[in-house]
Every structure is written in structure tokens, then in C-alpha cells.
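Please look through the model below before reading on.

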There are 2 protein chains.
Amino acid sequence: MQSVHIVSAYDEELKFLTKRIAAMGGHAERMVEQAVAALVNADPGLAQKVIQDDIVLDEAQREIDDKAIIIIARRQPMATDLREIVGAIRISADIERVGDLGKNIAKRVAAVIDGRQPSSLFRGLEALANLALTQLKEVLDVYASRSVEKIGFVRDRDDQIDAMYTSLFRELLTYMMEDPRNITPCTHLLFCAKNIERIGDHATNIAETIYYIVTGDQMPADRPKGDKTDQVVLPGPVSAK
Amino acid sequence: MQSVHIVSAYDEELKFLTKRIAAMGGHAERMVEQAVAALVNADPGLAQKVIQDDIVLDEAQREIDDKAIIIIARRQPMATDLREIVGAIRISADIERVGDLGKNIAKRVAAVIDGRQPSSLFRGLEALANLALTQLKEVLDVYASRSVEKIGFVRDRDDQIDAMYTSLFRELLTYMMEDPRNITPCTHLLFCAKNIERIGDHATNIAETIYYIVTGDQMPADRPKGDKTDQVVLPGPVSAK
């Protein structure tokens with residue numbers, strides 16, 4: 001009986017980590033959704049809510065880290081369980097960072113509100129955010145189900161996110177060149193776009209961690225990390241007005 | 001004899017992690033230094049070297065992760081050693097990210113080379129990089145010596161980095177408003193500045209991890225994370241030429 005009790009308590013501890021990460025993931029997704037909504041709808045109240053919400057993820061990450069260390073020390077887990085626990089530490093760090101990026105978008109709402117930009121820019125940002133959030137959601141679904149064989153979608157969607165980010169980057173530079181009054185708001189929108197692109201990178205990191213948890217191996221093949229805009233040069237001003 | 005042998009091999013394993021992290025730190029510092037030098041001196045050859053150098057950090061991080069897991073599984077370490085090992089996993093992730101940021105600066109060299117910007121901008125970027133690299137170096141010194149009581153400098157220098165980044169951010173926006181031809185190169189310089197500011201954040205993360213390794217506690221008090229430029233709004237074009 002004692003041994004059954006111990007094993008079951010241990011399982012509960014591992015399940016606690018998984019559940020806590022699922023909750024963190026949901027919270028981070030909501031923060032990013034609301035930050036982008038606050039940006040698109042010029043809603044400083046919603047932006048403020050997102051900024052305040054970030055502390056929840058900071059605390060959850062600390063809790064997961066502390067719990068993970070306690071489980072390792074108490075249970076002295078072997079290979080698979082150890083990967084599970086160390087994986088939880090890594091994934092919660094990625095999710096916490098996604099929350100930071102959402103908060104950073106929310107903090108830029110005030111700077112963008114006055115200079116109204118073309119709605120196509122906001123639609124572009126929304127589309128990019130949807131793609132990155134879908135990536136994050138599906139990666140967290142794979143974490144919940146451990147169905148690592150489904151993880152192939154990650155690289156393809158990563159490429160889509162990069163392509164959409166590059167096109168938005170060019171569009172923003174073009175607006176900045178058209179009218180100097182666009183420079184400040186479009187710079188903040190550039191950083192928002194970059195933040196969203198980074199969320200996609202964190203989703204990919206999480207996918208790599210899940211692959212490692214399940215298989216014990218690193219995910220094969222070099223994925224081209226990061227965006228492709230670092231070489232973008234636009235030819236002078238589009239319009240000199 | 002056997003037990004002495006085992007303990008000493010264990011100590012060697014822990015020392016291996018510390019040494020490997022010191023080497024990673026030195027490598028990342030060099031990458032960032034050279035990336036900024038490539039930017040300031042318009043040296044695409046040096047930029048290319050930095051881009052190629054990044055793989056060293058990726059491999060070192062994997063090696064530390066794998067080794068850490070093996071040590072935990074084999075030695076079943078208790079509290080302090082466990083914090084040491086989990087801390088090594090965290091710190092190597094921060095250093096790997098510093099290398100990524102250096103690589104990203106190097107990748108922007110080509111896009112900045114044609115539109116020569118005022119030398120004050122490059123001096124500003126160099127000064128910011130020096131400050132962030134000093135922060136990183138001193139934090140890694142604290143890691144090597146475990147002299148956690150010296151860690152107070154981190155917050156002050158973090159504030160200096162933020163202040164210098166904010167001033168550079170404003171200066172870059174001003175140049176963009178002066179002449180639309182500055183927009184593309186200055187946007188890339190903005191991202192370079194942001195990358196350097198992030199290096200400071202990673203140094204602070206590492207300081208927090210060291211504090212945790214040594215004391216078992218989280219570093220007290222909320223530090224104001226990230227930059228303060230998210231609210232910066234410049235009043236229209238400085239010059240409409």
C-alpha cells in the first residue's frame with residue numbers, strides 16, 4: 001500500500017507540472033490576444049489589464065521551478081521523468097517570455113493611439129498574431145497529448161510566420177517613408193510585429209523541448225532561426241511628400 | 001577509497017559545467033564585441049565570422065543540458081548541488097541567447113553599410129554595447145567566484161543601460177524623421193540597439209540565477225524589466241526636408 005501511495009503521489013506531482021504549464025499557456029495566449037486587440041482597437045484600458053496580468057506568469061514560473069527542484073530532490077527520478085521535469089522548467093520559461101512579449105505589445109498601445117495608421121497594417125498584425133497563437137496553441141496541445149509524431153507542422157508554420165513578418169516589415173518601412181509623422185507609431189508597430197514573430201520562435205522552442213521529453217533526442221535538422229528581415233533594404237523614400 | 005573517488009569524479013562533473021559556462025560566456029562576449037565592431041567599421045567579413053561562430057554556443061548549450069541531466073540521474077544530488085546544476089541549464093540558455101542577439105546584429109551589417117549614418121549613432125551603439133558587455137562580464141565573474149554579495153551593481157547598471165538605450169532610440173527616430181533615406185538603416189540600428197539592451201536583460205537574468213544557486217531564494221524586489229522606450233512618442237518630423 002505504502003509503495004502504491006508513494007507512486008501515485010509522485011504521479012500527481014508530475015501531473016501538477018503539466019497542468020500548471022497548460023494553465024500558463026492559456027494565460028499567455030489570452031495576454032497576447034488581448035494585447036493585439038488593445039492595439040487594433042486603440043483600447044488603453046485593455047492594454048493596462050494585460051500589463052497587470054503579466055505577474056501571474058512570473059509567479060507561475062517560479063512555482064513550477066521550485067516544485068520541479070523539490071520533485072527532483074525528493075523523488076530522484078530516472079531518465080524519462082527527469083526529462084519531463086527539466087522540460088517543464090524550460091517550457092515554463094518560454095511561456096513566461098511569451099507573456100513578456102504580450103505585455104510589451106500592450107505597453108506600446110499608448111504610443112500608437114494618436115497617429116492612426118492604415119487599417120491594413122493592423123489587419124496584418126492581427127493575421128501575424130493569429131498565426132503565431134495558432135502555432136503556440138497547437139504546440140501546447142502536442143504537449144498535453146505527447147503526440148510528438150504530429151510535430152511536423154511546426155517548421156512549416158514557422159516559415160509562414162517569417163514570410164508574413166517580412167512582408168509586414170516592408171509595409172511598415174514603406175509607410176514610414178511616405179510621411180515622417182508615421183515614423184514614431186510605425187516604429188512601435190515594427191517592435192510589436194517583431195514581438196509576435198518571437199512568440200512563434202518560443203512556440204518552436206517548446207516543440208523542440210517536447211520532442212526531447214518524449215524521445216530523449218534533439219529535434220533533427222537545423223531550423224532557420226529568427227526572422228529574415230535583417231537584410232531588408234528598401235530603395236529610398238517611396239514618396240517624398 | 002571508492003567513495004573518495006566517486007565524490008571527486010562528481011566534483012569534476014560539477015566543475016565541468018562551471019568551466020563550460022565560463023567558456024560559453026567568453027565566446028558570447030567576443031561575438032557581441034565583434035558584431036558591434038563589424039557594424040561600426042562596416043566590415044562584412046567580420047560580420048560573417050560572427051554569424052558562423054554562433055553554432056559553437058548552440059552546441060555548447062546542448063552539451064551542458066545533456067551533461068546536466070546525466071549528472072542529476074547518476075548522482076541524485078541534493079539541494080545545493082541540484083540548484084547548481086539546474087542553474088547551469090538556465091545560465092547556458094541565457095548565454096546562448098546573447099550569442100543569437102550578437103549574430104542578429106552581425107546579420108544587419110549588410111543592410112546598414114550603404115546608408116552611412118552619423119558617427120554619433122555608432123558611438124552611441126558602441127557605448128551601449130560596452131555597458132551591456134561589462135554587465136555580462138561582471139555577472140560571469142560573480143558566477144565564477146560565487147561572491148553573490150557583490151551582485152548589487154546589477155540593478156544600477158541595468159538602469160544605466162535602459163537610460164542610454166532610450167536616448168539612442170530617440171536619436172535614431174530623429175534621424176529617420178530628418179531624411180526618409182535614413183529610415184531603412186536606422187530601423188536596423190534600432191533593432192541592433194534593442195538587441196544590445198536585451199543582452200543587459202540576459203545578464204540580469206544570469207545574476208538572478210546565481211543568487212538563486214547560492215542562496216536558494218529568488219533575488220528580492222521587482223526589477224523593472226525591459227526598456228522604457230515603449231511609450232516614446234516624438235512630435236512629428238524634426239525637419240521636413
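The numbered points below go from conventions to chain, helices, rings and single residues.

1. Conventions. This is a predicted model, in which local features need pLDDT of at least 70, side-chain atom pairs count only at pLDDT 80 or more, and totals for chains, interfaces and linings use all residues. Residues are numbered from 1 along each chain as its sequence is written, chains are lettered from A and ligands numbered from 1 in the order in which they are written, and side-chain values use heavy atoms, with hydrogens and water left out.

2. Overall make-up of chain A. Chain A has 6 helices and 0 strands. Its pattern along the sequence reads α-α-α-α-α-α. Helices here are DSSP runs (H or I, at least four residues; strands are E, at least two), numbered from the N terminus. The C-alpha trace of chain A spans about 80 × 40 × 20 Å along its principal axes.

3. Of its 241 residues, 55% count as buried. Buried means under 20% relative accessible area, exposed over 50%, and partly exposed in between (1.4 Å probe, protein chains only). The accessible surface of chain A is about 9700 Å², and 54% of that surface belongs to carbon and sulfur atoms. Such areas come from the Shrake-Rupley method with a 1.4 Å probe; for residues, only the protein chains shown count as cover. Among contacts in chain A with a separation of 6 or more, 82% link residues 24 or more positions apart. A contact means heavy atoms within 4.5 Å.

4. The record. UniProt, in an unreviewed entry, lists "domain: PhoU" for residues 22-109 and 127-209 of chain A. Its positions are given in the numbering used here, feature names are shortened, and annotations may be inferred rather than shown by experiment. Residues 22-109 of chain A are 93% helix and 0% strand, with end C-alpha atoms 28 Å apart. For residues 127-209 of chain A, the figures are 87% helix, 0% strand and 26 Å between the end C-alpha atoms.

5. Helix H6 of chain B. This helix covers residues 183-215, which is 33 residues. The expected span is 1.5 Å times one less than the number of residues. That gives 48 Å for H6(B), and its end C-alpha atoms are 48 Å apart, which agrees. Just after H6(B), Gly216(B) takes a positive phi of about 80°.

6. Aromatic rings. A search of the whole structure finds 5 aromatic pairs over all chains. Rings of Phe, Tyr and Trp (its six-membered ring) pair if their centres lie within 6.5 Å; planes under 30 degrees apart count as stacked, over 60 as edge-to-face and the rest as tilted. Phe169(A) and Phe191(B) have ring centres 6.1 Å apart and planes at 35°, so this pair is tilted. Phe169(A) sits in helix H5 (residues 153-178) of chain A and Phe191(B) in helix H6 of chain B, so the pair joins two chains. Phe169(A) is buried at 1% relative accessibility. Phe191(B) is buried too, at 3%.

7. Charges over rings. The test is NZ of Lys or CZ of Arg within 6 Å of the ring centre and within 35 degrees of the ring normal. Lys67(A) lies over the face of Phe16(A), 4.7 Å from the ring centre. Arg146(A) lies over the face of Tyr143(A), at 4.4 Å.

8. Glu29(B). This residue is in helix H1 (residues 2-40) of chain B. At 12% relative accessibility, Glu29(B) counts as buried. Leaving aside neighbours within four places in sequence, Glu29(B) contacts Leu133(B), Leu136(B), Lys137(B) and Leu140(B). Leu133(B) is 104 residues away along the chain, yet the two C-alpha atoms are separated by 6.5 Å.

9. Leu136(A). Helix H4 (residues 119-145) of chain A holds Leu136(A). Leu136(A) is buried, at 1% relative accessibility. Beyond its neighbours within four places in sequence, Leu136(A) touches Glu29(A), Val98(A), Ala203(A) and Ile206(A).

10. Gln76(A). Its phi is near 45°, a positive value in a residue other than glycine. Gln76(A) lies in the loop between helix H2 (44-75) and helix H3 (79-113) of chain A. With a relative accessible area of 29%, Gln76(A) is partly exposed.
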